[in-house]
Amino acid sequence: MDRRNFLKLLGISSGTALISSCGVDKANEKIIPYVIPPEEDIFVGNPAYFTTTCTECPANCGMQVTANEKVYHDVRNIFPTKLEGIAGHPVNDGALCMRGQASLFRLYHPDRIKRPMMRDGDGNFRVTTWKEAYAKIIVELAAATGEGKRNMYFSGRTTGTMSGLTDDFCKEMSVERLPEFEVFSHANLKKANDIVFNRPEIPHYRIENADFLLTVGADVVETFMNPVASANHIQKAKDKNNLSWYHIEPAVSLTGVQASKRFAIKLHSEVYLLAFLLQSLSQQNSLKKSLPARISRLIPDYSITVIAERTGLSEENLRLLLSRFANAKTPLIIAGGVSTAQENGLETAVFAALLQWATGMTDNTVDFDHAENYGSVGSMLDVRKLEDSLKNKQVGVLFISRTDPVTYLPEAEQFVELMKNTRLRVALSDFMTSTVQECDIVLPLSHSLEAWGDAAPRKGIRNVIQPAIEPQYDTRSEGDILLQIMAQKSGAASAQFYNDYLIDKWHSLYGEGETVGMLERGYREEPVPSLPAILSGDGTEAFLKNAGFVVESSDKPVLVITPSIRAYDGRSKVLPLMSEIPDPLTTITYGEWISVSDKTAKKMGWKDRDEVAVELNGVSLKFPVKVQHLLPENIYMVQRDLIYPQATPVDSRSGEESWYVKDISVNATGNHIPMPIMSGSMHEDNRGLLPPEEEEHPYEHKEEHPVGRMYAPHEHDNYRWGMAIDMDSCIGCSACVAACYVENNLAITGKKAHLNGREMSWIRLEPWVKDDETINYDLMLCQQCDDAPCEPVCPVYATYHSKEGLNTQVYNRCVGTRYCSNNCPYKVRRFNWFDFRLPEPWDKMYNPEVSVRTRGIMEKCTFCIQRIRHAKDKAKDENRLVQDGEITTACAQTCPTNAITFGNLMDKNSRVSKLAHSNRAYRALEELGTEPAVHYLPKKESKEEA
Amino acid sequence: MKSIEYNEQLERDVLAALSKPSPWYWVALVVCALLFVTGLSLWLYQILKGMGVSGLNNPVGWGTYITDFVFWVGIAHSGTLISAILFLFRAKFRNAFNRSAEAMTVFAVMTAGLFPLIHLGRTWFFYWLFPYPNQRGLWVNFKSPLVWDVFAVSTYFTISLIFWYTGLVPDIAIVRRYATGFRKKIYSIFSLGWTGSLRQWWHYNRLYVFLAAFATPLVISVHSVVSWDFAMSIIPGWHTTIFAPYFVAGAIFSGTGMVITLVVPMRKIFRLEKLITINHFEKIAQTLLFTSLIVTYSYIVEFGLAFYGHHQFEAAHFTYRLLGDYQVLYWIMLFGNSLLPLTLFVRKLRRSIVYLFIVSIFVNIGMWLERFVIIVTSLAKDFDPYAWGLYKPSVVEIGITLGSFGMFFMFFLIFVKVLPVLSVTEIKEEAAHE
Amino acid sequence: MNEQFVFGEKHEFLQKLKDLVKGGISPKKINVFTPYPVHEVEEILKVPTSPLRFFTLLGALSGLFFGAWFTAWTSLDWPLIGGGKPIVSVPAFVIVTFELTILFGGVISFLGFLILSKLPSPKRIGTPVEHGNQFVIEIQSEGK
Amino acid sequence: MKRRVAPVVITAYFLLFALFVLLMGYFWNENQKTPVQPINFSHQIHVSKVGLQCTFCHTTVEKSRFAGIPSVQKCMSCHKSVKTESPEIQKLTKYWNEKKPVPWRRVYSFTIQNYVYFTHKRHIKAGLECSNCHGEVKVMPHIERVRKLEMGWCISCHRAKNAPTDCWTCHK
């Protein structure tokens, strides 16, 4: 059933129904009308909007799809062209991360599996029909049960109705449903909460309520749980309770750099710090709940000097932390990531949990009632179990859905061999992953933008997944597949559609009216029973009794395998945009690298791009070096998606896999590897991109006493569009960059071009190292200068200054002298060196409101002028001026911390003018007299914090 | 010797050059033509593929092409200098060089004029750079130094051509007298039916003076405009007031170098030793030395401005130019433009043709590098360190550059075979005075 | 029937010319052909300065005014702001105006020369008059 | 003899070539003006004879950037019964039965479609008549392009009606 009738059935005035009318086709020769006429209230030029859920990572952000009507290869259809967060959504409140922004590249990926396939006699895949595939599966299942073998359903994280359906399916078909496989299973956290509270869950951290946040290793704004939400809530807390946020980590992460204070801690010594905090706080009895003696005596108790020596934190820093905890009304500690995925990880997590209980966080900032939905996610232990049963040839049919163990497990070859011990391997997947390669039947999955469904990221939230486009290939949703298999087994003439199944479920759960509301909103918040987190004395005691506290003695080099903000655990690597956008910390785009401490590099005389051979686990891997400031000596970092999985110790108690490879040796090979490092230099040298460091009046606003000028400034009539960027809010997540790429049809130029310095980003994050201690960012985009140096040099008026203060570029007037780019002090103009057109079918995602530039044309940020144009058009209809907040640019829209404010500088009451005239504001390279329209608010110095 | 015989002899000597070319001439011509054609096809390739086939990138939007442009315009200048300015100053040694110098000017400007088109991202719209009435009702932006270039260069080409041709008319009339058959017809046409009558000489002399008077400020303005392409920007290393005089001097310097490079072999091949004497060369060598000193002075002043001015970006830039990624080129340039020419203070060296020839080659290289260094280093590292990047010419760029040399020398080779390489009339006049 | 005197040497030729003028033959009737410009001739025959200079002046002035007008007019025809500079930025336009002055001046002077000296003359192109390196004095006979 | 032939031949050749080019140009232009439509649809009949309003078929002209082309269903709503015997209508019926859209040839298109933002809505709201740009469609048996849609033409009108002439009003 197509979505329109479906929605009709739901009685929704289909503001989101498939629209149809006449538009402009690419070929521009034919005009293709619809066969069936359009809905009356919908017409071209107005895109359709759908609410759905992002499935790029387990966070499940609420997503609003902008679908534009286009004729593609003589077929009129609507195509999703932009993804944005749903404003007010409990998870992401309007924002989306870079991966979410880019997931259209997955929807239109040319390498998607396009039709069901089955392995034939001589082991090659051949296209098959669904019926045939199902039949085979049913036969094999029966046969396997006959042989007394167990069939298993092994999938990635599954929530909401799908989870229930999977259970039904497994019951129906006598299949065991295994704990789900996630690389970031947070097993130690779950285990710790199990020990301390008898709740094997990951609580929902209510950062927005905190006034002091201590993140221990948890990269909360990159990959930990829900980065977008965390970033968003950190900002809320900053505004609400003037939050101060400290970060402790053994390595260095973007999160650490963004925290108001960052402490580098010795390897595996987090546990001592937490123990120290517990003990000291209880001694100065500033704990809200005092720990039972039987527990507290089991907690290591050392003098501050010992702790300082163990952790490498100075005593005053330790005291600072203590006082922070003591004085905070609603503190919050989040342990995770690099600090829990290690030998002391479980202990660290347990102490964190104890601290959360003792300081009363569990009553406000640590929320178990809305626990993150990780219950059904297993750990490495479960994988081991699976491997055993495979070893013992107990498995008949093995379903592998939406997960790729062969890629993510260190023992890949072994696992592949073991998989062969099954009768039949069925893969449900959208890509030909290395796991799928090893299967017999491949059932192609629809992208979540082509399918119905729902998701429950955490208790109390139900997200809707609804299609924005019909399946482009012969693919089906997992729900449909399971239902159809069941139906075919029971010999039913036709299977129930998964969307019907959903409706029934929803109706039974929420009733009809509520269901409609949920579909329109895109999510539903449901009340959950409130159970306070109660300390389990016995469990904790038992654990602490035989807890071992490793002390990291060896000073041998250690490799940390960190998550990647761009690729998560590696799954988002297929999105070309994720390689095109620089890694925020290193500004590297394509290819792999190893991050080396600047101190180590100095000692060894290594420079960026020097190749080193890393000896680990008996193999030797080669990486080019990237010198990383703030990284402690002897610690090396490689992102998970850039190195094939390493065998690291697995905690037998929790099944958490350590992220550390110890006793590695690193030696230069003497080669140099060309590596696209986008940043020409990380040193700003007070050039005026960061706020000037003046002694008195630190951030005095320059506008009041302007630089001398020859001519009077030209006048603007109603609007002067401007922007204010708060670098104190900005957390460097690069979501804005991704949003800009998608909104403005920016080109993906590839590695070769990047090596030649030919990236096309209109907006970029620039990291600046200050005296090797801090890394500050600025966000560079066209400054829309009032006295723009680029304008007067254009011989053909291709670029000029609009009355609304925009520094515009008329693409089809440009002859390509590149003079404007030369003359731009901010170097934000981009030249089309070739015809960088996206290959089919990626070109489906082009935004029809923005032209696709061809070779030889200079292009640049226009403050999303197409959005301005629409707003003005609307305003004109209602014959008024554009209101403040009516327009926002793509970058500002997706910012999780609302660091970017766009608006009209002529309107003295607009938010942007207020910020622009605040005495914190400064402008980049102001002394050049370019009169930029972009105003920056600098990062607050941590000394103000302390 | 009676002057009439002397003149007959003179004519024979000069026109000997127009006699049947030797095989070596053909070899040279073919080589140049091949280079030229290669250059053209590479350009076509670039148009079809996009500017990406060059080594240019972000931030370095200009490189070899603009360097070539400035270089060739520079070459052109000394042509005008020698013929026009020296004419106004009644410098006698001029007539040994002026014809080939003027020819050089014309060909160099033709070559130079191509490069602004070559460097365009969308060459096929080059005509948008000219103000012509169009249905769009759009004109060009007269505030843009590139438009100034369009006017300066096209004016320069026209005037130089007229100047050159005017000087040629009486000489073509002489060739006409010697030529036979088809060639005679052609020469008759181009001599416009010159008779040498009183009336003709009367207006001719005036015209020549006026053209010379126009050409002189023109030269200055043209290269000033070229320099303003850079000086009008805000890029450290470009944005400086001394650029105009500095570039003009540089242009004359490089051009003089090129004149020597061209005339030395020409003189040898066509046995013009008794017409182009060592004294002539000494004079031109002095010009070379003089301009070299001016250029060197500018180099020093540049650094002075940057460091004494205590301007952060300028200082950073000039340190980079001196010790940065391109320092080798900079040092070669200094050697060729500033150090080597100093040796010309020595009279002996000044009067050694071979030595002069070598120096002139170094000057050519040095001056090309000067423009390259100025353009590339300034762009490679300007205000925003994040956007810093390096540039190196691609095969296509090098090919097109060689092609431009091919084109220039091809034209010159053709010229020496079809037109008198010395201004016969003027030498006669000169002789009559003595 | 014209009377012709041909000389191989400049001084003989000049001498003869002086004699002729002394002899009362009006300079208007005398025409001379020389292999290269001989300035003494003009003195002897009291030839005024060439009117070519008026062409030059006219050309230069027209270039000047056209340039000044054209740059300003085109800019005002569709006023577009660039870099905060005024629509008519005189300093920039002066340069173009200057170039145009020279261009027009030069071209029109050349045309002037062609017109004044009656070049190109098809007749002469067809049948060139050659005097070689000789100096020729031609006196138009009476009645013409 | 030869000497006489050669120039004649050459001139003749170039003349022919020029003529050829001119003819090509003419035909191309004509073809652009009135492309051959898959169905011989006559605006004259529908507007003058039947008396339909423009907006009857081009429904979104007042509210959208695009005027809108009637869906096949819309055509069929009348032609189920009207003129069913005519061969042209039978073509239409064929499309309808096959549920295929009619591949109409575009008559008005910007040469640089990709770079131009044009909205019908604004122009209608500004009180322009369809005929101001599209000519007297009601007398056109074959729809014909009466304007080249060149920038200069747009601008002349924008200036006359002092509509905005900022480049980014229409460029994108």
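The exercises below, each with a worked solution, concern selected local features of a predicted model.

The model is predicted, so local features require pLDDT of at least 70 and side-chain atom pairs pLDDT 80 or more, while totals for chains, interfaces and linings use all residues. Residues are numbered from 1 along each chain as its sequence is written, chains are lettered from A and ligands numbered from 1 in the order in which they are written, and side-chain values use heavy atoms, with hydrogens and water left out.

**Exercise 1. Helix packing in chain A**

Task: Determine at what angle helix 9 and helix 11 of chain A pack, and which residues make the contact.

Solution. 
Step 1. Helices (H or I, at least four residues) and strands (E, at least two) are DSSP runs, numbered from the N terminus. Axes are lines fitted to C-alpha atoms, for helices over the stretch in contact, and angles run from 0 to 180 degrees between N-to-C directions.
Step 2. Helix 9 (residues 270–283) and helix 11 (residues 304–311) of chain A pack at about 155°, and their axes are 9 Å apart. Helix 9 of chain A is therefore roughly antiparallel to helix 11 of chain A; the classes are under 35 degrees for roughly parallel, over 145 for roughly antiparallel, 65 to 115 for roughly perpendicular, and oblique for the rest.
Step 3. Helix 9 of chain A contributes A:Tyr272, A:Leu273 and A:Phe276 to the contact, and helix 11 of chain A contributes A:Ile304, A:Ile307, A:Arg310 and A:Thr311; contact means heavy atoms within 4.5 Å.
Step 4. By class, this contact of helix 9 with helix 11 of chain A comprises five nonpolar residues, one polar and one charged. Ala, Val, Leu, Ile, Met, Phe, Trp, Tyr, Cys and Pro count as nonpolar, Asp, Glu, Lys and Arg as charged, and the others, Gly among them, as polar.

**Exercise 2. Helix packing in chain B**

Task: Describe the crossing of helix 8 and helix 13 of chain B and the classes of the residues in their contact.

Solution. 
Step 1. The axes of helix 8 (residues 243–269) and helix 13 (residues 353–380) of chain B cross at roughly 145° and come within 8 Å.
Step 2. The contact of helix 8 with helix 13 of chain B has 16 nonpolar, six polar and three charged residues.

**Exercise 3. Salt bridges**

Task: State how many salt bridges the structure holds over all chains, and locate two pairs, A:Asp93 with A:Lys236 and A:Asp538 with A:Arg294.

Solution. 
Step 1. The total over all chains is 86 salt bridges, a salt bridge being a side-chain nitrogen of Lys or Arg within 4 Å of a carboxyl oxygen of Asp or Glu.
Step 2. In the salt bridge of A:Asp93 with A:Lys236, the closest N and O atoms are 3.2 Å apart. A:Asp93 lies in the loop between strand 4 (75–85) and helix 2 (98–102) of chain A and A:Lys236 in helix 7 (residues 227–241) of chain A, so this pair ties together parts 143 residues apart in sequence.
Step 3. A:Asp93 is partly exposed at 29% relative accessible area, and A:Lys236 is partly exposed at 35%. Buried means under 20% relative accessible area, exposed over 50%, and partly exposed in between (1.4 Å probe, protein chains only).
Step 4. A:Asp538 and A:Arg294 form a salt bridge at 3.0 Å, N to O. A:Asp538 belongs to helix 22 (residues 537–545) of chain A and A:Arg294 to helix 10 (residues 293–296) of chain A, 244 residues apart. A:Asp538 is exposed at 54%, whereas A:Arg294 is partly exposed at 32%.

**Exercise 4. Backbone geometry**

Solution. 
Step 1. Most residues other than glycine have a negative phi, and most peptide bonds are trans.
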